[in-house]
Amino acid sequence: MIKKFDKKDEESGSGSNPFQHLEKSAVLQEARIFNETPINPRRCLHILTKIIYLLNQGEHFGTTEATEAFFAMTRLFQSNDQTLRRMCYLTIKEMANISEDVIIVTSSLTKDMTGKDDVYRGPAIRALCRITDTTMLQAIERYMKQAIVDKVPSVSSSALVSSLHMVKMSFDVVKRWVNEAQEAASSDNIMVQYHALGLLYHLRKNDRLAVTKMLNKFTKSGLKSPFAYCMMIRIASKLLEETEGGHDSPLFDFIESCLRNKHEMVVYEAASAIVHMPNCTARELAPAVSVLQLFCSSPKAALRYAAVRTLNKVAMKHPSAVTACNLDLENLITDSNRSIATLAITTLLKTGSESSVDRLMKQISSFVSEISDEFKVVVVQAISALCQKYPRKHSVMMNFLSNMLRDDGGFEYKRAIVDCIISIIEENPESKETGLAHLCEFIEDCEHTVLATKILHLLGKEGPRTPTPSKYIRFIFNRVVLESEAVRAAAVSALAKFGAQNDDLLPSVLVLMKRCMMDSDDEVRDRATFYMNVLQQKQKALNAAYIFNGLSVSVPGLEKSLHQYTLEPSEKPFDMKTVPLATAPITEQKTEIAPVATSKLPEKLAPSRQDIYQEQLAVIPEFQGLGLLFKSSEPVQLTEAETEYVVRCIKHTFANHMIFQFDCTNTLNDQLLQRVLVQMEPSEAYEVLHYVPAPSLPYNQPGSCYSLVRLPEDDPTAVSCTFSCTMKYLVRDCDPNTGEPDDDGYDDEYVLEDLEVTVADHIQKVLKPNFGAAWEEIGDENEKEETFALATVRTLDEAVNNIISFLGMQPCERSDKVPENKNSHVLFLAGVFRGGHDVLVRSRLALADGVTMQVTVRSTDENVVDVILASVG
Amino acid sequence: MDSAALEPSLYTVKAVFILDNDGNRLLSKYYDPELYPSMKEQKNFETNVFNKTHKADNEIAFLEGMTIVYKSSIDLFFYVVGSAQENELMLMAVLNCLFESLSQMLRKNVEKRTLLDNMDGVFLVVDEIIDGGVILESDPQQVIEKVNYRCVSEQAYGFVLFDYITGNMEAQGERRQLL
């Protein structure tokens with residue numbers, strides 16, 4: 001009778017696990033029998049298993065003891081027991097990093113790898129490559145090349161996969177095996193095909209042409225392995241994305257043909273690839289969606305999951321494409337796999353009608369506690385999207401969200417809920433009070449500082465404007481008493497906003513402030529003292545400037561200016577006006593809802609576009625002394641796409657000058673352009689001071705030339721001007737292949753489209769969180785009002801968009817969104833005019849036959865008011 | 001769930017592990033050194049996965065940004081982990097191959113005791129299916145042929161009865177001699 005393990009082990013072991021109470025030292029002690037002659041394969045095997053098991057459990061082996069065991073193990077190569085030898089290979093791989101001098105087994109492994117016994121060869125190659133370093137690779141290169149093309153599939157596969165692992169270490173050596181890999185790719189064995197394809201792609205992936213060729217070859221010859229097909233689909237879709245190839249390209253046809261493959265894996269991969277392609281039309285999606293629909297009724301959970309997850313993805317962009325699957329999705333909402341059910345419901349929420357919302361929400365709340373946080377976030381995001389689509393459903397959603405907020409959950413989940421509630425509040429004024437009440441309740445017991453401060457900020461902003469602001473004070477002051485420093489500081493700021501806006505609350509707020517001034521934290525005390533003093537002045541303008549509307553400068557800019565100031569001490573106090581303004585963030589479209597796995601996205605403060613331009617321009621000597629860059633426009637195309645030369649212009653505005661930056665690209669490969677400049681003929685009193693030419697413009701390498709223009713000083717209202725532009729340059733013909741230019745060239749010119757400077761180029765967008773306060777702060781000293789009739793505009797939406805883009809100012813208080821079915825609207829715009837003058841515009845719009853618009857402008861400078869009114873008219 | 005397209009690569013499997021019905025690790029391999037580099041993180045991940053999956057046999061789950069396919073058998077749980085964008089069916093192919101190979105090797109007795117008795121074979125099977133995260137083989141028949149491992153538990157089970165009839169008699173005889 002054969003018993004594998006010692007009787008003793010079985011009896012004294014913990015009943016079910018013979019490895020449970022293994023002692024590392026005892027096992028290493030046992031390892032001494034490796035040195036006994038003759039070798040007892042069964043006992044040695046058992047001990048090796050124990051060692052690997054211990055390593056797998058995370059037991060730490062010191063270098064000395066590992067090396068000792070390793071060297072003892074090498075003796076076991078004398079035994080011919082198959083399993084024992086295989087376990088030796090495993091031990092070598094496991095110990096490769098912890099033991100010293102592992103290369104001692106190289107010759108034994110090389111012998112096994114080239115020997116007659118096929119069972120040993122593959123595993124020996126993999127073990128050998130694990131311990132090989134760059135220097136030794138040369139020595140085994142010959143064997144590797146042979147192994148790759150070996151007729152035994154396991155040998156060939158092992159060699160290919162090991163080569164792939166070694167690409168990271170020594171790309172250049174492995175690169176030399178590309179012919180062998182090519183030969184292996186035509187093997188009959190499906191795994192060898194797959195591994196060869198993978199290795200070939202890794203070796204060639206930086207050479208797009210080679211990848212395309214390889215793909216063409218394999219799509220024609222037709223591989224058998226489904227894995228290889230999946231790999232090819234991925235390569236093809238990556239190529240499509242890089243080359244921005246149209247969907248009529250053969251690559252797309254290949255992917256589409258894979259939808260008819262006999263392996264589900266390949267069909268799914270192809271469908272998923274099509275769905276993930278950017279700008280896919282509904283017609284192109286249809287075949288992919290219909291195979292996914294079939295998968296929805298598969299008995300395999302993984303397939304249903306994959307299908308519904310991908311459909312969910314489609315529904316984000318093309319809800320109508322998924323409507324056909326609604327019936328199949330309905331069947332999945334009771335799926336025992338809650339992940340599948342959740343995905344099905346959230347997909348239906350996106351595609352279904354308003355009437356089904358209540359039913360689906362009820363269904364989902366029945367099992368929301370059973371699903372993982374990741375999917376809860378998916379649910380919240382679906383609800384958030386739904387609220388935008390059906391604003392009337394906000395009460396159902398709000399109830400649901402508040403219940404979810406009470407449940408346990410991680411930070412990502414809570415943050416998604418809070419974000420969702422905040423967006424509902426912003427969209428629906430009538431949901432404001434319930435929403436704020438839920439959030440107040442949440443911060444009473446919230447362990448996430450970021451969320452607490454975010455909510456406190458929101459309370460400060462929205463709370464004072466509700467009918468009963470006093471009820472929020474209690475929640476806010478509780479934070480001051482109970483929370484960490486960051487939250488306390490945020491609470492103090494929120495309190496100050498209540499005091500500034502509600503006169504009847506001011507005395508009580510002052511009392512609370514006084515208490516905060518005794519806080520143990522510096523920041524909290526500083527804020528309290530600051531607000532206390534501001535509030536006691538009881539001046540609207542001060543409140544507006546220091547409590548409601550914070551700094552509007554860019555933080556990196558402020559940091560840089562302050563640093564500069566400390567380097568060059570001067571008598572003058574630091575002037576805030578010299579700091580570049582923060583470019584108001586463009587409100588992101590909410591349609592692209594961040595998917596689940598966003599938690600690892602790094603959040604870093606990138607320098608803004610304008611800061612980059614500022615630095616680029618500062619190095620050009622001609623442009624010294626212009627002061628700070630005030631605004632940079634979006635690029636304007638001055639040529640048609642696909643012409644010989646592509647030119648676009650960026651307008652940089654300074655206090656009294658403008659710089660036009662022309663980014664030129666030469667698309668002719670037989671020409672070299674030199675001394676390129678753009679000559680400008682202004683229509684108004686603008687004066688061109690300097691041209692800075694681009695020295696040379698080789699084929700397909702963009703270069704920039706600049707023009708410096710002085711703005712008319714005597715007429716401050718001349719803000720708009722048209723320039724006719726001509727590009728002038730010296731052409732030198734050159735060899736298209738080598739790029740070698742001829743010795744002499746000739747002058748030539750190229751007429752560009754006209755360039756317009758408008759009022760928007762002189763105004764920087766600034767967001768005023770509290771427009772009313774800012775409006776009062778500026779006062780009516782320079783106020784002017786005028787009424788216009790916009791005959792050509794048919795809707796309020798159109799009028800609002802036109803005004804915003806024309807003036808280039810920041811809409812405040814979400815007034816850029818016109819509520820449905822209204823005949824009148826008020827638009828609030830804020831900005832800073834060149835030279836640092838605040839300017840605010842209130843525009844009342846009324847819809848009759850056309851749109852009638854009454855514009856009221858306030859600014860700190862009278863000229864600015866005139867400029868704006870003149871340009872609107 | 002991420003919109004970022006998948007970089008074409010053979011590195012499909014991020015991790016494989018086998019747990020017992022208390023969530024203890026019997027075998028686990030992590031192939032992506034960036035994913036849970038420390039033993040503590042790995043064990044936390046395994047505990048989390050086990051807690052979320054052991055109650056319902058759902059085959060697939062999405063946890064900590066990973067797609068996890070799993071299968072249970074008596075008192076064992078088998079898990080294969082891939083990235084969020086990975087083709088779920090490829091991971092399923094790996095899981096099925098692992099399970100089928102072990103099932104064949106252990107003569108259908110896929111339970112903790114037999115598995116531990118043949119732990120060396122289990123290590124070898126995993127090694128033949130995945131190499132450093134690359135799917136090396138997905139056909140259980142091929143895996144079994146390559147490993148060429150003789151299972152002991154079948155004999156042990158066969159011998160239980162044998163042992164009962166004869167072995168015990170011998171043992172009794174021995175004991176008698178001792179006395």
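Trainee: Which residue lies over the face of B:Phe99, and at what distance from the ring centre?
Mentor: B:Lys71 does, at 5.1 Å from the ring centre. Keep in mind that this is a predicted model.

Trainee: What about chain A, which charged end sits over the ring of A:Phe475?
Mentor: That of A:Arg474, 4.5 Å from the centre of the ring.

Trainee: Moving to ring pairs. How many aromatic pairs are there over all chains?
Mentor: The count is 22. Take A:Tyr89 and A:Tyr120: their ring centres are 6.4 Å apart and their planes stand at 85 degrees. Planes over 60 degrees apart count as edge-to-face, so this pair is edge-to-face.

Trainee: Where in the chain do A:Tyr89 and A:Tyr120 sit?
Mentor: A:Tyr89 is in helix H5 (residues 82–95) of chain A and A:Tyr120 is in helix H7 (residues 118–131) of chain A.

Trainee: Is A:Tyr120 buried or exposed?
Mentor: Buried, at 6% relative accessibility. A:Tyr89 is buried as well, with a relative accessible area of 1%. The cut-off for buried is under 20%.

Trainee: And chain B, which residues form one aromatic cluster?
Mentor: B:Phe17, B:Tyr30, B:Tyr36, B:Phe45, B:Phe50, B:Tyr70, B:Phe77 and B:Tyr79.

Trainee: New topic. What is the strand order in the open sheet of chain B?
Mentor: E2-E1-E5-E4-E3, five strands with antiparallel pairing. Strand E2 (25–30) and strand E3 (60–63) of chain B each have a single partner strand, so they stand at the edges with one side lacking a neighbour in the sheet. On average, neighbouring strands are turned by 20 degrees against each other, direction ignored.

Trainee: How many bridges join E1 and E5 of chain B?
Mentor: Six, between strand E1 (residues 15–20) and strand E5 (residues 76–83) of chain B, in the antiparallel sense. B:Ile18 stands opposite B:Phe78 in E5(B).

Trainee: What lies across E1, E3, E4 and E5 of chain B?
Mentor: Helix H2 (residues 88–105) of chain B, running at about 25 degrees to E4(B).

Trainee: Last one, confidence. What is the mean pLDDT of chain A?
Mentor: 81, with 93% of the residues of chain A at 70 or more.

Conventions
Residues are numbered from 1 along each chain as its sequence is written. Chains are lettered from A and ligands numbered from 1 in the order in which they are written. This is a predicted model: local features need pLDDT of at least 70, side-chain atom pairs count only at pLDDT 80 or more; totals for chains, interfaces and linings use all residues. Side-chain values use heavy atoms; hydrogens and water are left out. Rings of Phe, Tyr and Trp (its six-membered ring) pair if their centres lie within 6.5 Å; planes under 30 degrees apart count as stacked, over 60 as edge-to-face and the rest as tilted. Helices (H or I, at least four residues) and strands (E, at least two) are DSSP runs, numbered from the N terminus. Buried means under 20% relative accessible area, exposed over 50%, partly exposed in between (1.4 Å probe, protein chains only). A charge sits over a ring if NZ of Lys or CZ of Arg is within 6 Å of the ring centre and within 35 degrees of the ring normal. Two strands pair if DSSP finds at least two bridges between them. Axes are lines fitted to C-alpha atoms, for helices over the stretch in contact, and angles run from 0 to 180 degrees between N-to-C directions. Contact means heavy atoms within 4.5 Å. pLDDT is the predictor's confidence in each residue, from 0 to 100.
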